[in-house]
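Please consider the following structure, shown with its sequence.

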Amino acid sequence: MRQTVAVATASPVDDTGDLARFGYRQELERSLGSFSSFAAGFSYISIMTGVFQLFGFGFASGGPAFIWSWPLVFIGQGAVALCFAEVAGQFPLAGGVYQWSKNIARPATAWMSGWIMTIGAVVTAAAVAVAYQVILPQVSLAFQIVGGASDAGQTATPNGAKNAILLALGLVVFTTVVNIVGVRLMAKINNLGVAVELIGVTLLIVMLALHIKRGPQIVTHTQGTGAGQSWGYLGAFLVASIMSAYVFYGFDTAGSLAEETREPRRHAPRAILRALTAAFLAGGLLMLVGMMAVGDINAKELGTLGMPYLIKSTLGNGLGNVFLVCSAIAITVCCLAVQTAAIRLLFAMARDGRLPFGTAIARVSPRSKTPIVPAVLTGALTIALLLVNIGNQRVFYILTSVAIILFYIPYLMVTGPMLLRRLRGQWPRPDHGPYFNLGRWGTPVNVLAVLYGAAMTVNLAWPRKEVYGSDHWYFQWGAVVFTAVIVAVGAGLYLIRRGANSAPTSD
């Protein structure tokens, strides 16, 4: 296994030489610029995916007041992003979170972070892909291949759930092909998609603002959602916060593409922070103005059909469909970015000898300059996950919650060890160089990042009936059981690999 040597004094334009100091050859194509790096993180967060997909869940769970979870989650994940920006400037390597954990934590922690995040990326790709069902059938019933008009935009009906899987399968096949072709095509599609999303969400906010019917005090209304909750509205609010938590992750993707980015020590930290901030501003304004503009704030469709209903009922079908098409484009590039990050993660772990058949997985195509086997593998695993759950409408919220948990845990495997190093006086290192540095704010920001990550992980995994139902224990405890199984399997694989690597060889 290669031993990394962290050196932060290389010339910022000597990217290949800088990479060699970590013990790696330049195999991936280094062609991404500043905007492409930002676009990778922004498209993963994707306002027009997450907000469109789960606004209805948040609104139904907490009423208009659920929007207060948006700035709270932003502050928590903002602390995580600041920590990531600091470490991204020090370790500009493919694999992002795995590489950062490897360089500041123990080998077992690094392995588990990579393993859990790989599974998390596959689950996320599936969760993102099914968002097509929320959008496309509401543009045209031609996309409702299974079922009819009553299933359009729904994942809570049996036929809606089946149709969601069919649409998702087509999207995953597309993103897999693009990732096999190469990073240049991926970047072009991703940049175009992000440009469409940025323009689309800006115009949407302006158009909704022209239809405002009520004041911003609407965000204090709970619509009685705390009734029946043991913790009153706080219980409802914690459930609703899952919506915001689902949107605000994946910003670390800019770090995952470091070996394909020019001057990654400079661009990656900025891209991480810009992606998160842009998503916060755009998403927050969209939800606020939308709730101020919608005709009937008490319409039950706001909790079932969500943002697509809000837009079409306010702007009309014609203009509304234009913005729904923009959302479909955003979902496409979001799924593409998710798979791209997963591919780099598998590549990085295989290159370090952490995976079975590592040589094959880490092989980079001389033609496309991209790892082919990880692209096929992530596509196949995502498709398998979708097929296993076809027709099961309950699975969508379980997928969403599990996907977030499987990112929050690896995030803690970076912020936790980083905090320990800070408290021991070992971070930042003496050779940190001129790259992003939190300075005297490092410890309080790091403490907030760890506390927030741990608290939200518990909130996401809590087996509450409002998220997981109460009719079957394996659904209600699905997030806990699934996460525990992933951790147990990962621990077993690590012990097996460590045993194999330490076994004596005969002469």
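Which residues does aspartate 151 touch, not counting residues up to four places away in sequence? Aspartate 151 touches Gln133, Gln144, Thr157, Asn159 and Gly160, where contact means heavy atoms within 4.5 Å. This is a predicted model, in which local features need pLDDT of at least 70 and side-chain atom pairs count only at pLDDT 80 or more, while totals for chains, interfaces and linings use all residues. Residues are numbered from 1 along each chain as its sequence is written, and side-chain values use heavy atoms, with hydrogens and water left out.

Aspartate 151 is located in the loop between helix H7 (132-139) and helix H8 (158-181). Helices are DSSP runs of H or I with at least four residues, numbered from the N terminus. Aspartate 151 is buried but has no salt bridge, and lysine 162, the nearest side chain of opposite charge, is 9.8 Å away. Buried means under 20% relative accessible area, exposed means over 50%, and partly exposed lies in between, for a 1.4 Å probe and protein chains only. For charge, Lys and Arg count as positive and Asp and Glu as negative, whereas His and the chain ends are not counted. A salt bridge is a side-chain nitrogen of Lys or Arg within 4 Å of a carboxyl oxygen of Asp or Glu.

By this rule the count comes to eleven salt bridges. One of them joins arginine 422 to glutamate 86, with the closest N and O atoms 2.3 Å apart. Arginine 422 lies in helix H18 (residues 395-423) and glutamate 86 in helix H4 (residues 69-88), so the pair ties together parts that are 336 residues apart in sequence. Arginine 422 counts as buried at 9% relative accessibility, and glutamate 86 is buried with a relative accessible area of 0%. Another salt bridge links arginine 21 and aspartate 14, with 3.9 Å between the closest N and O atoms. Here arginine 21 is partly exposed, at a relative accessible area of 37%, and aspartate 14 is also partly exposed, at 32%. Aspartate 431 forms a salt bridge with arginine 429, the closest N and O atoms being 3.7 Å apart. Aspartate 431 is partly exposed, with a relative accessible area of 30%, whereas arginine 429 is buried, at 16%.

Attention now turns to the helices. Helix H14 (residues 307-315) is mostly covered, with seven of its nine residues buried. These buried residues are Met307, Pro308, Leu310, Ile311, Lys312, Thr314 and Leu315. Their cover includes helix H3 (47-62), H7, helix H9 (183-209), H12, helix H13 (301-304) and helix H15 (317-351). After H14 comes glycine 316, whose phi is positive, near 95°.

H12, which spans residues 264-293, contains leucine 273. Leucine 273 is partly exposed, with a relative accessible area of 22%, and touches Ala81, Leu82, Ala85 and Phe436, not counting residues up to four places away in sequence.

How do H12 and its partner H2 pack? Helix H2 (residues 34-45) and H12 pack at an angle of about 40°, with their axes 8 Å apart. Axes are lines fitted to C-alpha atoms, for helices over the stretch in contact, and angles run from 0 to 180 degrees between N-to-C directions. H2 and H12 are therefore oblique to each other; angles under 35 degrees count as roughly parallel, over 145 as roughly antiparallel, 65 to 115 as roughly perpendicular and the rest as oblique. The residues that meet include Phe38 and Phe42 in H2 and Ala271 and Ala275 in H12. H8 and helix H17 (residues 372-388) pack at an angle of about 175°, with their axes 9 Å apart. That angle makes H8 roughly antiparallel to H17. Among the residues making this contact are Leu169 and Val173 of H8 and Val376 and Ile383 of H17.

The peptide bond from tryptophan 427 to proline 428 is cis, with omega near -5°, and proline 428 lies in the loop between H18 and helix H19 (442-461). Serine 46, in the loop between H2 and H3, has a positive phi of about 50° although it is not a glycine. Serine 46 counts as buried, at 0% relative accessibility. Phenylalanine 357, in the loop between H15 and helix H16 (358-361), has a positive phi near 55° and is likewise a residue other than glycine. Phenylalanine 357 is exposed, with a relative accessible area of 72%.

Technical notes:
Helix = DSSP H or I, 4+ residues; strand = E, 2+ residues; numbered from the N terminus.
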